[in-house]
Amino acid sequence: MTESALQTGLDLLQNIALLVLGVLGYGWLREPLPAWPRWAREAIEGLICAALALLAMADPLWSRPGIQIDSRDAMIVLGVLYGGPVAGLITAGIAAAARLWIGGFAAPGGVVVIALSYLASTVLRRRLAGARQSPSYRHFAALGGVIAVAGLAIQLLLGRSPAGVPSALLVIPASVFGVGAVMVRVQRAHQLEQEMAEREARFRSIIDNLPDALGLKDRDGRVLLVNKAYERACGRPASELIGENIKRVWEIVSAPPGFAEIERQVWEVGETCRSQPMYVTRPDGNHWVVVTSFPVRNAVGRFETIGALVTIVTELWEARQALERRQAMMRRHRRALVDCMRASAAMDRPIADAVRAITEIAADAVEVERVSVYQLDRERDAASCVDRWERSLKRHSDDVRHVIRPFEPLIADLERERMLTIEDMPSDPRFASAAEALEKFGPRSTIIAAIHVGEQMLGALFFGHVGDRRRWTVEEQAFARSVADLVALMLLTARHREALAALDLVRDAIYVERESGEIIYANWPALRLTGSNHAQAISSFRAQPPSTAFPRPAEPLRGDRDMLEMRWRVNGADKDLQIRRVRLPGGGSVAVIEDVTLHKAEQHDRQRLQQHLQQSSKMEAIGQLAGGIAHDFNNLLGAVIGFARFLEQDLPQDSQQYQFARRILSACYRGRDLVSQILAFTRPPTLERHAIDLRVVVRESRELLAGSLPPTTCLALEPGETPLLVQGNETQLGQIVVNLCINAHDALGGRPGEIAVSLSRIDPGGPEASRSMVVGGLVEGRAYARLDISDTGSGIPSENLARVFEPFFTTKERGRGTGLGLAVVHGIIHSYGGACGVESELGRGTRFSVYLPLADQAPDERPTHRPPRDLSGRERVLIVDDEIDITDMLSIGLERLGYEVAALNDPIEALDVIAEDPPAWDVVVTDHLMANLPGLEFGAKLKALRPDLMVILCTGLDDGTIGQKAKLRGLDAFFPKPVEPEQIAAAIRERKRR
């Protein structure tokens, strides 16, 4: 190697070294520039690159005399690609100016090369910017080659000598590539440093924001790294912890031995290990923590450091403990519910015992002092305690009763919400009425669950906690709701059992079958149809007989309901059954079976009874009509009878006027009897009754009939030897005998004949029970007295038998009968609960059989009173009646007998007159039905004024109770109208005699 070549190499190395130093300095100076404004940053970078270009131009490489090569092109490329177009322009401009200042024949070519370097670098920068790339080694190599070739071509075009071509082709690409490579390396080192810093910052941010405490330590136990959570856990900054021995740190947090044990396992196995929850005392509080220790390896995989992650699991641990307690509670509740269901499932157990068992189980399950079951009684406005269990005392009681009214808000809330939880009962306004008792004796907290059956609240279930306030869990509330529903189910089941028991009492057979035809329920009458004995019907829940044993129609049920009949043989007898079937909403059907074997036979009796009902209705209507007219008619009859009696008394007996008076009296008496018969429709139910021997009534009736029957009629009486006691009234019983005998006499039609009257006893169970009756019917198991009255007359046509008791119905010619005699008999028999049968055959006569219930007591001894013969007197009598004719008639009649009489038509006025001087009057005769004041009240007021004043009450409408009421009011005598003066005088004289 020659000396010149060595020198050239040294110069080249020198230039390269200077250039590398300059580029390194440029790379170092670029670090703070990004914070500056863009224009300032590009200007500064342009000046730096220009300075480096001038440095290269000041000491160029002389390849041979006249040819020098420098690295200004590399600095222009560097300025454009890293500093920007402006920085490159500044560099190129200064370099061009310097080249021109240096001068020489190659100056223009050098300027052109400078411009070419700028343009080529700008084009490459734009391409890289579009591709979002940074300059790389290959970019600088390619750009250096382009600049060298293009510059050589331009030099040749400008006529420069080709002697420097080899040097230019070598130095320019080398300088551009070298400068660029250094800059790429510097930029990459800078980027790597920034990335490392950012990674460290992110890592630090991550570990400092971890909620768990994280720490690193070496094999000697020295702390190498801690995060913020670690600092808070220890209560010390990182500067005090780093370098500290880990044992000292454990002392700070009172770490249990488990910390060291988990770390030892990691050092031994080299794998991550995790501890169970441990309790630690830290400066920031006491916590349950889980320690996760893990090995930390370096870049070559060596394990020299251990990491520890301390996670606070206090909430999780407490939640786990609460969950375990809740699960244990649920298991306890589940067992309790099963026990409650078993307690309520026993069908033969009284419901009160089942409730007691449930309250005991529920109190233990919820761990409360008291469990009570209350039943609401809306009608009595009260809530009664069905059972109350006191757990600590182990006793039951049910003597608690509360009035509902003060607790209406609580009941309203309970009906709406179905369940209430109250933590502090004394402070709850709904318990204000019982606040004092609650504060002293009652529970503090409670769960109240409504006992609902359907939409009706029947009661409530109370869980009472004594002591401090208690917050009820959701599980406890659900358990209370379940127990209340179970009690409601018990009540509903009890109702169903009662309903099923009631179905065993109905007459109709009932059974339920599924769609498949399986019988799932049958009541006792249905079981009887199968021939089952009573033991099979004790419980409706026992297995039923086979489905084929029940009467089931062959036709399936096609619609929602049907009805059909079939014959069925039961215990050797055929029965006609009517079956009604109804489809159930859930499938299957209900069949109701009615035994209609006797139905057809009873249809005739039903029609007959309906006719009797119509007849009774007619008789009732006539009775109401009679009651309306009887009062006025009796008043009229009374006045006519009285005045006719005066004529009879005053006229000579041989005069024609006397006979007229007698005929008037006869007609009035017949009218009176007719009114009496009409009023008999309303009197029978209320007349005084007592035990009477029917034989006595028949014997006394002989005297009454003896004067009414002609000699051609033979009356045969056979009262018998055995007493026949009947609870009745002599007059009514006599009416039965007399009216039937007169009716028999009329049936003889004036021809000779016989009327037979006989008595007999009918014992229970005799053939008479099945006899068809025209009036009423015989009661099974009851004894009767039978009165038979028969005649040998013409008989009754069969079409008239059902009508003989109708009012005003008669087959007699006009003037011979009113048609009321048998109607009166009908009313009396009906009121006595008796019956009457009629047998008749045309041309052979008729027999009426009257059945009257026998009385089980001795006959009453009733005294008889005979009216006095002398009726005259001197007493002062006041007559009060709103009918003037009545007052005049009675006044005249009593005055004729010597009495001093006054008459008034207004009871109020009469009361005032007597009040003026009560001792002045001896007797007051008053009507009952008066407009201003009824006779009973008027008489009571008179007795109040003067207790010994004789008061006689009269009425034209007696329902059979007026006389008894008059007696209770203290009145002295009672007469139904028409009343005669002699009756009043007789009553006065009778009292004077007493």
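These are worked exercises on one predicted model.

Residues are numbered from 1 along each chain as its sequence is written. Local features need pLDDT of at least 70, side-chain atom pairs need 80 or more, totals for chains, interfaces and linings use all residues, and side-chain values use heavy atoms, without hydrogens and water.

**Exercise 1. Describe the chain as a whole.**

Step 1. Find the secondary structure. The chain has 27 helices and 32 strands. Helices (H or I, at least four residues) and strands (E, at least two) are DSSP runs, numbered from the N terminus.

Step 2. Find the burial. Of the 994 residues, 45% count as buried. Buried means under 20% relative accessible area, exposed over 50%, and partly exposed in between, with a 1.4 Å probe and protein chains only.

Step 3. Find the contact range. Take contacts (heavy atoms within 4.5 Å). Among those with a separation of 6 or more, 62% join residues 24 or more positions apart.

**Exercise 2. Locate the largest nonpolar core.**

Step 1. Count the residues. The largest core has 43; Leu694, Ile736, Leu787 and Phe805 have the most contacts inside it. A nonpolar core is a set of buried Ala, Val, Leu, Ile, Met, Phe, Trp, Tyr and Cys residues joined through side-chain atoms within 4.5 Å.

Step 2. Helix 21 gives the largest share, eight residues.

Step 3. Inspect Leu694. Beyond its neighbours within four places in sequence, Leu694 contacts Leu724, Val726, Leu733, Leu759, Ala785 and Leu852.

Step 4. Look for another core. A second, separate core of 32 residues includes Cys340, Ile358, Ala362 and Leu458.

**Exercise 3. Classify two aromatic pairs.**

Step 1. Count them. The structure holds six aromatic pairs. Rings of Phe, Tyr and Trp (its six-membered ring) pair if their centres lie within 6.5 Å; planes under 30 degrees apart count as stacked, over 60 as edge-to-face and the rest as tilted.

Step 2. Take Trp267 and Phe303. Their centres are 4.8 Å apart with 20° between the planes, a stacked pair. Trp267 sits in helix 11 and Phe303 in strand 8, 36 residues apart. Both Trp267 and Phe303 are buried.

Step 3. Take Phe463 and Phe479. This pair is edge-to-face, at 6.4 Å centre to centre and 65° between the planes. Phe463 lies in strand 15 and Phe479 in helix 16, 16 residues apart. Relative accessible area is 1% for Phe463 and 2% for Phe479, so Phe463 and Phe479 are buried.

**Exercise 4. Examine the backbone exceptions.**

Step 1. Recall the background. Most residues other than glycine have a negative phi, and most peptide bonds are trans.

Step 2. Check the peptide bonds. A cis bond joins Lys977 and Pro978, with omega about 5°. Pro978 lies in the loop between strand 32 and helix 27. Thr955 and Pro978 are 8.2 Å apart, C-alpha to C-alpha, and 23 residues apart in sequence.

Step 3. Check phi. Lys394 has a positive phi near 55°. Lys394 is exposed, because its relative accessible area is 65%. Arg418 has a positive phi of about 70°. Arg418 is partly exposed, at 30%.
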